[in-house]
Amino acid sequence: MKKYVTSLMLCLLMLPLVAQTQGDTIYHFRFEPGNDGLYTAYRNNGTELSRLLACVVQNKEAILAGTVPIQVDGYCNSLDDETEARATARIRSNRVKSELITREGLTEACFTTRNHTSGGDYVTVRIVIPTSPSETGPEQQAETERLAAEAQRATAEQEADRLQAEAEAQRIAAEQARLVAEKQQTEAEQTRQAAEQQRTEASHPAHDSYHLALRANLLRWVTLTPDLGLEGRICPSWGIAVNGSWTSWTWSDKDRRYALWEVAPEVRYYMGEKKAWYLGAMFKAGQFNYKLSETGKQGDLMGGGITAGYRLRLNKALDLDFNLGLGYLNADYEKYEVIDGVRVRRGNETKDWWGPINAGVTLVWKLF
């Protein structure tokens, strides 16, 4: 900002000195469309640069003193985006100015710069050189005032461009900071979710990896029919279970009897990520002896069907297995009565049963 104010003050102080006849010299430097490089071999740029340097050398003292202004106009209309076009025009102007600064020792205060997004792809350098005092007149005074006004406008445009560039840089920095913050927040959330998943898996694995478990059907135990079994897991999805039941009760001086043994092997397929639900196939065989009234029944049973159930995990060692079996049972038995302590046979019967063949709320103890 300070250098722009200095340039403006020098231009204003120059007004009484340039109230002389002036020589107006313009130099053109061509640029390839969309390119900001200054090539001396491109379209007579080398000749124009030599002419410009010769003029600067001849008037260097006055230029450095601020009495001979150098006006630089950069143009770019080969880019669709106006912001990019203005930035390219600014770079082109700086390319030309840097030649004069590095070769002849000029400073930024020696220039007034304007950049445009229309008109072509080139840079013009205009040097207004005072001539003899005798040619000073109203027209030259008006020209001097016009140049001073253009210098003020160019300085204002430069300041506006600078402020716009700073605002754009701040916006970009704020956007980058926002993106970084969002990325950090996303990474933190992903880390938290991964840690939560690891903690959950550590305390509640997706499925149990046991190989052998002891089973007890609590519903059978409630009916005073002890029940025990084993289950082996071939892999997380497949298991083989065998449950057996046995009981023998008599009462009323042995006139009433309830006796039973059963064995029920089963193949299961566990489904889902947690391997909690399952389907299976069961075979059942056994013998029974019931005498709950005047007539008793004693015989064999055999059948099978499909099973389905759900394993509820209680802790690392215990599960509850809720299951139901549907299928077919055949009972082949004889009827009897007890007369004076002697069984008297009353015939044979066979019955077929379709429907529920098994139900259980089974406590599972995972051994290893």
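Residues are termed buried when their relative accessible area is under 20%, exposed when it is over 50%, and partly exposed in between (1.4 Å probe, protein chains only). The model is predicted, so local features need pLDDT of at least 70 and side-chain atom pairs count only at pLDDT 80 or more, while totals for chains, interfaces and linings use all residues. Residues are numbered from 1 along each chain as its sequence is written, and side-chain values use heavy atoms, without hydrogens or water.

The chain holds six helices and twelve strands. These are DSSP runs, numbered from the N terminus (helices: H or I, at least four residues; strands: E, at least two). Of its 368 residues, 36% are buried. Contacts are heavy atoms within 4.5 Å. Of those between residues at least 6 apart in sequence, 65% link residues at least 24 apart.

Helix 4 covers residues 82–104. Its 23 residues should span 33 Å at 1.5 Å a residue, and the end C-alpha atoms agree, lying 33 Å apart. The expected span is 1.5 Å times one less than the number of residues. Buried positions in helix 4 include Ala85, Thr88, Ala89, Arg92, Ser93 and Val96. Lys97, Leu100 and Glu104 are buried too. An α-helix has 3.6 residues a turn, so residues three or four places apart point the same way. At the start of helix 4, a side-chain oxygen of Asp81 comes within 3.1 Å of the backbone nitrogen of Thr83. Gly105 follows the helix, with a positive phi near 75°.

Arg51 lies in helix 2 (residues 45–58). Arg51 is partly exposed, at 37% relative accessible area. Leaving aside residues up to four places away in sequence, Arg51 touches Thr25 and Tyr27. Tyr27 is 24 residues from Arg51 in sequence, and their C-alpha atoms are 8.1 Å apart.

Terms used
Polar contact = N/O pair within 3.5 Å; in protein donor to acceptor, adjacent residues only side chain to side chain.
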